Amino acid sequence: MTTPTLPVPDFTARMAERARRMNASAIREILKITQEPDVISFAGGLPAPELFPIEDVRRATDAVLTRYGAAALQYSTTEGHPPLRRWIADRAGIQPHNVQIVTGSQQGLDLLGKVLIDEGDVVLVESPTYLGALQSFQPYGPRYVQLPTDDHGIDVDALEAVLRAQPAKLLYAIPNFQNPTGRTLSLERRRRLVELTARYGVLVIEDDPYGKLRFTGEELPSLYELALELAGDPERSHVIYSSSFSKTLVPGLRDAWLQAATPIIGKVVQAKQGADLHTPTLNQMIVTELVDDVMPRQIELVKRAYGERARNMVAKIGEHLPAGIHHTTPEGGMFLWVTLPEGTDTQPMLARAVARKVAYVPGNPFFALGGGHNTMRLSYSSATPQQIDTGLKALGETIREALD
């Protein structure tokens, strides 16, 4: 009997429209080409692994398994481990029902996109902004409007002009040590942004994974805190706060959280039930064991290390990169932003940089509507002084070649 030849299914034609809108992370794709051990990568923005509290995590794991036994390995509630939610709520001055534990802040952004964004909704984003947020929101069909930024963050005059001209559903912002630029939104602009968005009925997603990693300057109130002060009640606050334990403890446990009014949290719970049921029970219990004692020490350790590395990178940029290059000077976090002369394109330049054994992230993917071809993001968080010196020297040679 002859086996009939069957046609190859057209899988692409059978994809949902939202799947066709999906795109790969530019950073993850770059990481694939920088895995060679001799490539100095300023691309990934990874927390420094040598600073991980490995022994503390081991002790916490043993303590959790001793205390909870099989319950630590069992299914749990979607909302999250109650003691961890209570710990977060107490520090925010809210109730645990205003807190949702998520599997990494990236999941939180995806769930918020799922429950808040309809096809064609106007979503305001910084220019540039975190490309992972763009990747999370894109399948839900938003219409992006870019807000101009400068060294003090979002231009709130431009924001007001946009809000006067058209309605918007959401504003997504990273006020502290923004990814990708490292900039911090000033206190005056924070207050005005919160007031403007409240007045025009715009929800705000405040993404704050780096806020505790300030190594210079004064700590500023979050947008969530300012909105709570303005509204007087978390149930009336229009700001949704997102943060994570990935940068303050370890990223591999994938523990993060959202703070919001209960109608939003309720829908996020339903969306998460369909996504993964709940964040791993054991991981949440381990984090709870670490937050009071280990995490404060860990934050101080990381702040000192990142501060030294950031200052070193800024100094070496001045030493090795050609004149006419602009860069940000972060007060915390993990990144800084480099702007080359107009007409330069950092995307094709990347291959020449990798040939010199150094990598960065081209700036274009961080712009929702395109642009930024003459920019790049550099991360100093996991780089040694020798790597910063050698890598920036190679990057300077690459830039000079491109300019010539």
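Tutor: Start with a definition: contact means heavy atoms within 4.5 Å. Helices (H or I, at least four residues) and strands (E, at least two) are DSSP runs, numbered from the N terminus. This is a predicted model, in which local features need pLDDT of at least 70, side-chain atom pairs count only at pLDDT 80 or more, and totals for chains, interfaces and linings use all residues. Residues are numbered from 1 along each chain as its sequence is written, and side-chain values use heavy atoms, with hydrogens and water left out.

Student: What do the buried residues of α7 pack against?

Tutor: They pack against β3 (122–127), β4 (143–150), β5 (153–154), β6 (170–173) and α8. The buried residues themselves are V156, A158, L159, E160, V162 and L163.

Student: Why is E160 called buried?

Tutor: Its relative accessible area is 12%. Buried means under 20%, exposed over 50%, and partly exposed in between (1.4 Å probe, protein chains only). Therefore E160 counts as buried.

Student: Which interaction marks the start of α7?

Tutor: A side-chain oxygen of D155 comes to within 3.0 Å of the backbone nitrogen of D157.

Student: What makes α7 and α8 parallel, antiparallel, perpendicular or oblique?

Tutor: The angle decides. Helix α7 covers residues 156–165 and helix α8 residues 187–199; they pack at about 5 degrees, with axes 10 Å apart. Roughly parallel is under 35 degrees, roughly antiparallel over 145, roughly perpendicular 65 to 115, and the rest oblique. So α7 is roughly parallel to α8. The axes are lines fitted to C-alpha atoms, for helices over the stretch in contact, with angles from 0 to 180 degrees between N-to-C directions.

Student: Which residues make that contact?

Tutor: From α7 come V156, D157, L159, E160 and L163. From α8 come R189, R192, L193, L196 and R199. These residues divide into five nonpolar, no polar and five charged. Here Ala, Val, Leu, Ile, Met, Phe, Trp, Tyr, Cys and Pro count as nonpolar, Asp, Glu, Lys and Arg as charged, and the others, Gly among them, as polar.

Student: How do you know that R192 and E160 form a salt bridge?

Tutor: Their closest N and O atoms are 2.7 Å apart. The rule asks for a side-chain nitrogen of Lys or Arg within 4 Å of a carboxyl oxygen of Asp or Glu. The pair therefore qualifies. R192 lies in α8 and E160 in α7, so the bridge ties together parts 32 residues apart in sequence.

Student: Is R192 buried, partly exposed or exposed, and what makes it so?

Tutor: R192 has a relative accessible area of 27%, so it is partly exposed.

Student: What else does α8 bridge to?

Tutor: The side chains of R191 and E229 meet in a salt bridge, 3.6 Å from N to O. E229 sits in helix α9 (residues 223–231) and R191 in α8, 38 residues apart. E229 is exposed at 59% relative accessible area, whereas R191 is partly exposed at 37%.

Student: What does the bridge between E289 and R67 tie together?

Tutor: Their closest N and O atoms are 2.8 Å apart. E289 lies in helix α11 (residues 281–290) and R67 in helix α3 (residues 54–68), so the pair ties together parts 222 residues apart in sequence. E289 is partly exposed, at 30%.

Student: Why is α11 described as largely enclosed?

Tutor: Eight of its 10 residues are buried, so the rest of the structure largely encloses α11. The buried ones are T281, N283, Q284, M285, I286, V287, T288 and L290. Their cover includes α3, α4 (82–92), β2 (99–103), β9 (255–259) and α12 (294–320).

Student: Where is F42, and why is it called buried?

Tutor: F42 is in the loop between β1 and α3. Its relative accessibility is 0%, so F42 counts as buried. The C-alpha atoms of F42 and L378 are 5.0 Å apart, though 336 residues separate them along the chain. Beyond neighbours within four places in sequence, F42 contacts include M313, Y360, L378, I388 and L392.

Student: What makes the D38–K357 pair a polar contact?

Tutor: Their side chains are joined at 3.4 Å. A polar contact is a pair of N or O atoms within 3.5 Å; within protein, one must be able to donate a hydrogen and the other to accept it, and residues adjacent in sequence count only if both atoms are side-chain atoms. D38 lies in the loop between α2 (26–32) and β1 (40–41). It is partly exposed, at 43%.
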